[in-house]
Amino acid sequence: TLGRGDTSDGTVVQLAADSAANEAVDDINDALHDAGMPGDITVDVLPVSSDTAQQQYSQWLTAGLERPSLLRMDCGWTIPFILREQVANLDEELPDLASSVKENYFEASVSTATGPGGALHGVPLFSDFGLTLYRKDLVEDAGFDPSGWATGPRSWERFAEVVQEAQSGADTEYGYTFQAAVYEGLSCCTFNEWMASWGGSYFGARENLLRNVGERPVTVDAEPTVRAARMARSFLEGPDGESALDSIAGPLSPRAVLQWEEDSSLAAFTNGDAVAHRNWPYSVLEAGAEEAFGEDLGVMPMPFGVQPGEAEFDGMGGSVSALGGWHVTLNPNARHPEAAKEVLRAMSSDSFYLTLMELIGYVPPKPDLLDSREARDVDVVGRYVDTLKFAGEHALPRPSTVVWPIQSPRISQQVSSTLSGDRTPAAAMSELNGLLERIENNAVQEGS
Amino acid sequence: MGNVTLENLIKRYEDVTAVDDVSLDVRDGEFVTLVGPSGCGKSTTLEMIAGLTKPTSGTVTIAGREVTDLPPKDRGIAMVFQNIALFPHMDVHDNISFGLRLRDFDDDEIDRRVERAAGTVQMEGMLDRMPDELSGGQRQRVAIARAIVRDPEVFLMDEPLANLDAALRVHMRTELQRLHKELDATIVYVTHDQEEAMTMSNRLAVMNEGKVQQFARPLECYNQPANAFVAGFIGSPSMNFFDGEIDADGVRTGSFHVGFDPARFDLSPGREVTLGIRPEDLALPDGTDGLTDPTDPFPATVDVVEPVGDEVFVYFVLEGDGPEDELLVSAPPDPDLTEEMAGTSHDLRLDRACVHLFDAETGEAILHGLDGDADRGEATGPGDAAGATGSAGIEGTRETEPN
Amino acid sequence: MGNVTLENLIKRYEDVTAVDDVSLDVRDGEFVTLVGPSGCGKSTTLEMIAGLTKPTSGTVTIAGREVTDLPPKDRGIAMVFQNIALFPHMDVHDNISFGLRLRDFDDDEIDRRVERAAGTVQMEGMLDRMPDELSGGQRQRVAIARAIVRDPEVFLMDEPLANLDAALRVHMRTELQRLHKELDATIVYVTHDQEEAMTMSNRLAVMNEGKVQQFARPLECYNQPANAFVAGFIGSPSMNFFDGEIDADGVRTGSFHVGFDPARFDLSPGREVTLGIRPEDLALPDGTDGLTDPTDPFPATVDVVEPVGDEVFVYFVLEGDGPEDELLVSAPPDPDLTEEMAGTSHDLRLDRACVHLFDAETGEAILHGLDGDADRGEATGPGDAAGATGSAGIEGTRETEPN
Amino acid sequence: MATDDAGPYERWVADAIRNPGKAYRAMFVVAAGFFLLTTLFPLYWLVVLALTPEENMTDVGLLPNGFNPEAFVTVFETVPFHWYMLNSIVLGLVTTAIVLLLASIAGYVFGRLEFPGKVPLMLLLLAVSYFPPAAFLLPLFRLFTGNVSFLTLPGGTEVTSPVLFNTPGALVLPYSALFLPLSIFILTTFYGQIPDGLEKAARVEGTTRLGALFRVIMPLSAPGVATAGVLTFIAVYNEFFFGYLMTDGQAQNWAPVVWGILQFQGQYADLYNLMAAASIIGVVPVAILVVVAQERIVSGLTAGALKE
Amino acid sequence: MAAETGSTGVQRKSGVLAGLSRRIENLSDAAFAYLLLSPMLLLIGAIAFWPLFRTFTMSLHADALYGSQQFGPFVGLDNYVALLTGDIDAQLTRPFFDLDQPFRSALTVTFIFTIASVALETVIGFGQALVLDREFRGRRWVRVAIILPWAIPIVIQGMIFFLLFQPGVSFLVEPLQNLGVFSGTPTVNSVDSTIIIIIADVWKTSAFMALLILAGLQSVDRSLYDVARVEGASTIQRFRMVTLPIVAPTVIVAMLFRTIQSMRVYGLIETVSSCSTVPSLSCLVVTTFSARQYGTAAAVAFVTAAVIALFVTVYIVGYADTESEVF
Ligand SMILES: Nc1ncnc2c1ncn2[C@@H]1O[C@H](COP(=O)(O)OP(=O)(O)OP(=O)(O)O)[C@@H](O)[C@H]1O
Ligand SMILES: Nc1ncnc2c1ncn2[C@@H]1O[C@H](COP(=O)(O)OP(=O)(O)OP(=O)(O)O)[C@@H](O)[C@H]1O
Ligand SMILES: [Mg+2]
Ligand SMILES: [Mg+2]
């Protein structure tokens, strides 16, 4: 290999993660050693692109490769690996750690790393939640008082009103921006949040989301889902738009959102073109930086449609943040399993989570830790830990079962087609319902 | 040991038979020329000897070894191609030395040999020209140099001098002959040039339509052609032919009669024959006294007189009862032979010794040289004929009586 | 109106001057042949007439119009290329009809013309063969057909018959001459074949090293060559040359002396000359009585006797004080001339009327035909010389006295 | 004819009609200009992107919003980009060499020999390129990770395929196999057009049939060979599918340059300016290399090839 | 006798080698051909045909969404039947074939893309090649410029065109929308995206055509042009009657491969737009593949190949008519 070899002595544990982690590999090793990882172990980061990681892991694990020993997996697609028994069962490998995780971490996060039998297969590395960022200065200029918004979600009607007035007051280009390109983010998150906040659900009650494929009901044609779609039409077209929801003020959002993913939408916000914006915690770090909006950045939980009690499906309603974030799983064929376990242990220490929070802005997956002094002391993000904690507690995982990769594109297509006005929300959702049902049924046949 | 033996070689393309059962035995050190009309299969025969074209059937033996299945490089041959085929991406030096470099000769030896070969073809100054910077003749000379630089046992040359001017041809002919002697090489040569074929070869193979018509020494082909085709093909200008019929006391054509005793040659009256006589064997009216055995005179009108430097061609039209026969006489230059002669009528005579008879149907030669005097009947062959063609009976060899 | 005028044409490549100040005036309907040694610039001249090569300087005028800058297609020419260059992706029919199709002839007309042209070159049966299925001569015939099918005003032909056998050549020659007459076309022709050049052309342009050496009627080039180069180049076998020096009563070479009165031709003794005599103008010992004005005999030894069908070449070695001179005599076939003669010694004589003198330095002709008899001094030209070359003085035209 | 008062344009037109060469020249200039503009514009925009500071990545016009050439440096700071490039170049060269060798031989066979089964074989070869790369992936991955066993020895040990994952073999082999058909077809057409006479001459001079291929036919098809080489090299240089599945993406494991570029795809943020800078860095030297190489190959094959 | 054997400087190869080489030279054309092809066939066999065979067997099995097995039980041709009858359309990002939505079903999108891009590329590539075939100053740099797009990785090509048509980022979107050419969000509109992808493809791969055709042009025997000029052909006629037929085999090969490549378009779509906006056949393969529906993915791959084979047949039949060097 062109003379570039393994230079370190001692045990090297390879961790597949993103390039950001790769850049910070020295700090990460220091933090891990501080957190009790034995000195003769070092972690080597194998950067993988988040777009391709799932596919690659699947190949590697199927082929029984020994490296990487640890894999960073999106909470959105960890479960299929668990179901295929391609990642180690931590209840067996690290029982003490497993039980501590189950006890102390955000429930939503843990649920996406847990197998059907309840066994833990991954340690959450950080959690992500959908947040609403807004321009405190503009909102205040428009005569609203945002104090208390940090943990007190607004209703969608109220939110739209505030945004519209702030927009016309400040004459920004857009009011509310979010991600609605035809991609996973639309089905897992943007639309899921809207739908759940109106009490709707892809598959009925919350407990169905991660299990019972084929037996669970498909419920996207229910009224709350259609309502969520109509709300989005109001965002784009205003209350008078075709099949829009007249209670929602608008228009607030450019058609460009239909092409936007996280980064493109965030750019419009940080440029000062929008009043409010939906995004993940990393965006807080960027928009809240001193050279951006600093203290003028407000963050609040996602607005709600109906209260939890009024929700059509169990576990829905209220402010709902889509769950993101990543777990670390253990390769069952890992080259140095014991060392890898040591790394996992160190990774789940509070000090390590806090270091990540400082270094990269990763949100610790433990509510208690978010409450701590140390967390509040962290630059920028520290200001918003209350909101983060609230969102974490109201997080909703995507239904990432084995059929989710098949379902997700169909959902984003249908949602996009109705957002763009190609089809009415009712028609699109009812067709989607049919499609999802067929996929579920098919999966049952094949699974049997 | 560079003899080349072809046995029953046949080459068929989809719808053409290019070479049709050719057998030749070229002796070691012999210079054999293939001649024949365009498309008769000469190049194809050479290519089969070289191993470039696989015969449909038949065998090729070189130096006593059957090589029918051997690749060209193992046959110990060199070849000059009719289409020249210089490698366009190499300069003259590299073209000439190609074969040597393949054989890992050392550089000095290569340069020495290339110099010599280039000298032979008078291309010394142009060793680093590319082929497209050469004239047609220069290219051909490079192709010759490429073949001779290697000193193989057998040379195959396909019209190697076609693009060269007279002086260079003469020079190259001498050089090839020198080479032939010095190297003791076997050469199979294709040319359309009569003079080249006649002067250079030990033997000629006259081909037509894929078949060998005659394989013999050049003068034998000239004097005793095996059939009408060979007679007409060898010799330039071509032999004059007349349709004739044997009668009781000779042969009659549409325009004249040649008297002889058919019985002496076992010819029965009524047999249809073709009578042939070479232009240079005919004498003009005032030269007829030199003839040994002249026929009766017959009238002819001069059509065209064409001086060609060292010869003059006189075209006559014969008067007769059949379709108008033409007759060409070639004579040495003479100030009397001018174009003004056209239209004048003369009485011509033939020398019986120079007449060739062929079967009208098969074209096979019946006899070469007649003899009008039935009294001298006991001789099978004529005596000292004044012409160069004094021999009779196709199987007879040339007998020259001392004078 | 197809006259072609070249004025001071020069073509230089990086290091070679291929054509060096050529001026020619080819009259409408004339048949002009360019001859000259390989690489002398014939093809380059044709290409400049065709417009394929841009002259370095000079102008080309065709049919009265200056065309130096005109593309080939607007010059009204057809050309046969020396390298043949058939389109490999077209069959014979399409190759021949290429130019017609460009001119939107209708299909019937095209077929008619292609048939005729193919007939002329005897390629009727092969119209749908691809070029790589043809023999060398067949390809060349297609190339000729492609040129003649179009009836342009000017034909340029570069060695069009190089690959054809004698019979076909004769046929093609006749056809080209017929075409020449019928179409009244102007033809500029390149050939290395003497006979072709002599018989077909109205005028010859003899070139050497890019320059025109003589531009005159064929027999004038033969009989009164402008310089030693032309003398040596025209005529095959080539003229015999001897270095000589004028002395008081003639010219002396290393081996013999030709007596005449130098003063009569304004030649001062001591002048160095080259003496030339054609092989066919020399008579063998027993033929010397036919000479009109023989010189003193000089001894010579027969080296080689080479019969060539209709001629016999006899190579002599002369005895003398200088370096050994060689002499070639070409004689009509004769049964006495056999190879056994080699080594025998003979006394030779020259006919003074056939001697050519050239300046030793410049090569320019001094005079053609001597006259040994000082008494007949008043005559500028010789009388009736028996040879074909009976004329004296370079400016003199051939005078034939009636006999 | 142009008159004195005719405008320059009319004069030009009149001139062009008289002298069509001039019109062709003008057409040529216009065409060349058009091609240059259309091919270069997106590239120019790529440069603009590379120079635009990351935070200004909105409303990028014909000029960069701000000027930040640092991206070109950052590229090397963040990832060992030069190593990725080198990997790709090495992989490209090795693959190109293998492909040219095998395709030359096959091109010779298909272009110049007649034998039974020729057409079906060519069609079969062509069929390889009908399949999306994904169709090869699973079995190949198993093959290259030692998961395919050929036979079980009497002792019970299995002979398995070698582990090529993360080695150049895992890339060069599929690249060679998958890019072969194109080169074979290209070379078949080129070799088929070389006149027989030249091959014959070479064989008489003493080459074997293959010798004639390498000494005469290939040099004479130099433009075709060079083109096949360039197409293969660039295709390998840019190939991603196998590049990303047959290595783990680390520079020391032979990951190709596209991996390097994709390293700038973060979890949420695509660092467009860095990706743009990286691709310019990756592409320009290669394009120039390719052009220079092509001229060298052509002149090398045609002129100096045999001055050994 | 001065035969070669006696000459100085000749090195005889070792007997074994010489014998071998002679035996090889002696083989019949067919045996020789197969011998020469064997390394190539071995490579392709192991790296292409064997995996394809495995994939084909996979296509005869059901998908396995659960468990560690890659595919489920043997189902015969069920996957193919389901695909062609539309039974599994629900599981595909877009239907395999649906005439009601030509721009949204894989087969039609693939056809539209292929025909449009190959046609444009051929014309433009030919133009570029003709420009490059002439001698002029700076030709080398023009050639660099024309080759450059071909050297751009697909990800980057996709990024350029994605950003060029990204509202908010590019200066192009608004004017185009105002002109009514494109919608405001072209990369999520199927028709707009298809056009953009065609443009992007033409931009990049015309160079492929240009390079190949250029090589073809450069190997035309120049003396044929001389003949054509004397015969009276104008520039255009020379092109049509000499150049074109002689480079035709090269152009056909180039078009053939471009067609095959276009029929498999995937990466460009995924980077400029998305598989659900512009579904191509390969998109279906990749999306089902990444959803671990290996059986279905394999079946779609083979159907894709079959469709391409049909297309290719058109070329081969058409080409066989015009006489061939290739087949
Ligand atoms: N492209 C070129 N570059 C350099 N020299 C050239 C080029 N083309 C021709 N020559 C030279 O110009 C001279 C004249 O060439 P040309 O082809 O006119 O000769 P030619 O009289 O036709 O001879 P031949 O009878 O051998 O065909 C030759 O010496 C040739 O080598
Ligand atoms: N590949 C081929 N396919 C079909 N016929 C062919 C092929 N090659 C040669 N021929 C035919 O075979 C015959 C013999 O060709 P060959 O080249 O041997 O003739 P040749 O005697 O050399 O004639 P020339 O003097 O014209 O060169 C010709 O009629 C020719 O047309
Ligand atoms: Mg021949
Ligand atoms: Mg010439």
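Student: What is the relative accessible area of D:I288, and how does that class it?

Tutor: Residues are sorted by relative accessible area: buried is under 20%, exposed is over 50%, and partly exposed is in between (1.4 Å probe, protein chains only). D:I288 has a relative accessible area of 30%, so it is partly exposed. Before going on, note that this is a predicted model, in which local features need pLDDT of at least 70 and side-chain atom pairs pLDDT 80 or more, while totals for chains, interfaces and linings use all residues. Residues are numbered from 1 along each chain as its sequence is written, chains are lettered from A and ligands numbered from 1 in the order in which they are written, and side-chain values use heavy atoms, with hydrogens and water left out.

Student: Which residues make the nonpolar surface patch that includes D:I288?

Tutor: A patch is made of residues with over 30% relative accessible area and no salt bridge; nonpolar side chains (Val, Leu, Ile, Met, Phe, Trp, Tyr) are joined within 5 Å, like charges within 9 Å. Here D:V284, D:I288, D:V292 and E:W141 make a patch of about 330 Å², with areas taken by the Shrake-Rupley method with a 1.4 Å probe, and for residues only the protein chains shown count as cover. Helix α13 of chain D, residues 272-302, gives the most to this patch, with 3 residues. Helices (H or I, at least four residues) and strands (E, at least two) are DSSP runs numbered from the N terminus.

Student: The patch takes residues from chains D and E. How many residues does each of these chains give to the contact?

Tutor: Contact means heavy atoms within 4.5 Å. Chain D puts 96 residues into it and chain E 92. Of the 7 pairs of chains in contact, D and E share the most contacts.

Student: How much area do chains D and E bury between them?

Tutor: The size of an interface is often given as the accessible area lost when the parts come together. That buried area (1.4 Å probe) is summed over both parts. Chains D and E bury about 8,700 Å² between them, with 79% of it on carbon and sulfur atoms. On the chain D side, D:Y130, D:L138 and D:R209 lose the most area to chain E, together 8% of what that side buries.

Student: How many salt bridges cross the interface of chain D and chain E?

Tutor: Side chains of opposite charge can pair when their charged atoms come close. The rule asks for a side-chain nitrogen of Lys or Arg within 4 Å of a carboxyl oxygen of Asp or Glu. It finds 1 across this interface. D:R209 and E:D29 meet in a salt bridge at 3.0 Å, N to O.

Student: What does the interface of chain D and chain A look like in these terms?

Tutor: Chains D and A bury about 2,700 Å² between them, 54% of it on carbon and sulfur atoms. In contact there are 28 residues of chain D and 32 residues of chain A. The rule finds 0 salt bridges across it. No contact joins chains C and D, although their closest C-alpha atoms lie 9 Å apart.

Student: Which residues coordinate the magnesium ion, ligand 4?

Tutor: Donors are N, O and S atoms within 2.8 Å of the metal (3.2 Å for Na, K and Ca), and sites may look incomplete because water is not among the atoms. Ligand 4 is coordinated by C:S43 (OG) and C:Q82 (OE1), at 1.9 to 2.1 Å. C:S43 lies in helix α1 (residues 42-50) and C:Q82 in the loop between β6 (77-80) and α2 (92-102), so the pair ties together parts that are 39 residues apart in sequence. C:S43 and C:Q82 are buried.

Student: What are the protein donors of the magnesium ion, ligand 3?

Tutor: They are B:S43 (OG) and B:Q82 (OE1), at 1.9 to 2.1 Å. B:Q82 is buried, with a relative accessible area of 17%. Chain B itself has 8 helices and 20 strands, and 63% of its 403 residues count as buried.

Conventions: Buried area = accessible area lost by both parts, 1.4 Å probe.
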